[in-house]
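Please walk me through this structure. Begin with the chain as a whole, then go down to a single residue.

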Amino acid sequence: MSIRFEVLKESTESSARVGKLYTPHGEIDTPVFMPVGTQATVKTMSPHELEEIGAQIILSNTYHLYLRPGHDLVAEAGGLHRFMNWPKPILTDSGGFQVFSLVDLREINDDGVTFRSHIDGSKHFFSPEISMEIQMALGSDIAMAFDECAPYPCSFEEAKKAMERTSRWAERCLKFHNHPQQVVFGIVQGSVYPELRVESAKQLTQLDFPGYGIGGLSVGEPKPLMYEMLEHTIPHLPANKPRYLMGVGSPDCLVEGVLRGVDMFDCVLPTRIARNGTVMTSQGKLVVRNAQYARDFSPLDPECGCYTCRNYSRAYIRHLLKADEVLGIRLTTIHNLSFLIDLMGKIRKAILEDSLRDFAQEFLERYNIKEGFGN
């Protein structure tokens with residue numbers, strides 16, 4: 001196996017833990033947030049800048065890279081790491097979520113999914129085997145099994161059908177996959193039905209994946225319901241394997257997820273809202289485009305030590321955004337990603353010091369989050 005996971009410290013006050021994930025392209029300290037580089041780039045950021053802010057691993061998108069430039073071209077370039085000049089670990093998603101989000105452009109059956117490209121309308125087909133073939137060509141360190149993500153809301157029967165298909169496809173992915181320097185993580189589904197989540201986890205752990213994604217959450221359900229699903233799911237996943245909550249990236253959800261035992265997160269949220277002039281701070285969300293910051297010469301977050309906050313004011317960044325200058329969204333992106341990566345570092349430190357409960361409570365109160373948190 002080309003990766004290995006080690007739990008270094010378990011929290012005495014929650015299900016949180018500090019671990020280390022060893023991969024062919026480096027070690028990853030967990031819990032970790034993974035910036036998303038959908039099309040082999042994290043928007044507005046160079047790989048050098050990502051390293052400077054402490055990014056340990058990034059995520060790229062199978063669906064988008066399949067459509068352009070094509071996985072064969074990436075393989076010809078020497079794989080995704082060399083193609084995009086990123087020396088550290090990469091995780092690729094399966095393409096499943098993107099394909100299933102094309103509600104009016106796809107047809108699903110047990111063989112796979114027929115869909116039309118959002119770019120030019122051309123017809124394509126993804127199966128578990130094809131998803132594995134693409135991800136092997138990309139050469140990521142971690143590939144994700146091809147799964148069916150049920151929408152929210154959906155009926156119990158719809159969620160059950162998608163969960164059972166996900167389990168069958170997971171087995172096909174493992175059977176087809178043969179890349180010696182890449183591993184495959186399974187993905188737990190089941191929507192917001194506890195019994196389906198438990199059954200999905202049991203079926204997938206029988207296949208003995210080296211890690212497990214938790215999919216189908218943060219798709220419109222209330223946050224407390226997402227936390228409840230984590231509490232039903234995680235106890236049924238192996239303690240010695242990494243747990244990856246897919247598509248979750250708001251600061252409060254990272255804290256709540258870690259408390260419940262999640263090791264890995266990813267989301268486009270920090271980069272997407274940065275392009276709209278919204279930043280994350282220790283005091284909550286700040287929309288720096290707003291007129292009230294036109295003469296505010298303080299940093300985005302006085303408690304943040306990132307490049308943006310060390311060098312630029314809210315007034316200047318607002319000016320750049322209003323003038324449609326690219327530097328504006330670069331600076332907000334640097335800040336948001338730095339904020340989340342720094343938050344994960346503080347969380348790891350708190351776990352090691354057995355002070356995560358106090359840290360989480362103080363952080364969530366300052367972040368103006370009133371929802372409670374559990375184990």
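What share of the contacts in the chain with a separation of 6 or more comes from residues 24 or more positions apart? The share is 67%. Keep in mind that this is a predicted model.

Next, the secondary structure. The chain has 15 helices and 16 strands. Its radius of gyration is 20 Å, close to the 21 Å that the globule rule gives for 375 residues, so the chain is as compact as a globular protein of that length. Along the principal axes, the C-alpha atoms fill a box of roughly 60 × 50 × 40 Å.

Now burial and surface. Of the 375 residues, 57% count as buried. The accessible surface of the chain is about 15400 Å². Carbon and sulfur atoms hold 48% of that surface.

Charge comes next. The chain carries 39 positive and 47 negative side chains. The centres of these two sets lie 4 Å apart.

Now zoom in on one residue, N61. It sits in the loop between β5 (58-60) and α2 (62-67). Is N61 buried or exposed? Its relative accessible area is 3%. The cut-off for buried is under 20%, so N61 counts as buried.

What does N61 touch, leaving aside residues up to four places away in sequence? Its partners are G37, T38, D93 and Q98. The side chain of N61 also has a polar atom 3.1 Å from the backbone nitrogen of Y63.

Terms used
Residues numbered from 1 in each chain as written. Predicted model: local features only at pLDDT ≥ 70, side-chain atom pairs only at ≥ 80, totals over all residues. Heavy atoms only, no water. Helix = DSSP H or I, 4+ residues; strand = E, 2+ residues; numbered from the N terminus. Rg over C-alpha atoms; globule rule 2.2 N^0.38 Å. Buried < 20%, exposed > 50% of the residue type's maximum accessible area, 1.4 Å probe, protein only. Contact = heavy atoms within 4.5 Å. Areas by Shrake-Rupley, 256 points an atom, 1.4 Å probe, with all protein chains shown as cover. Lys, Arg positive; Asp, Glu negative; His and termini not counted. Charge placed at Lys NZ, Arg CZ, Asp CG, Glu CD. Polar contact = N/O pair within 3.5 Å; in protein donor to acceptor, adjacent residues only side chain to side chain.
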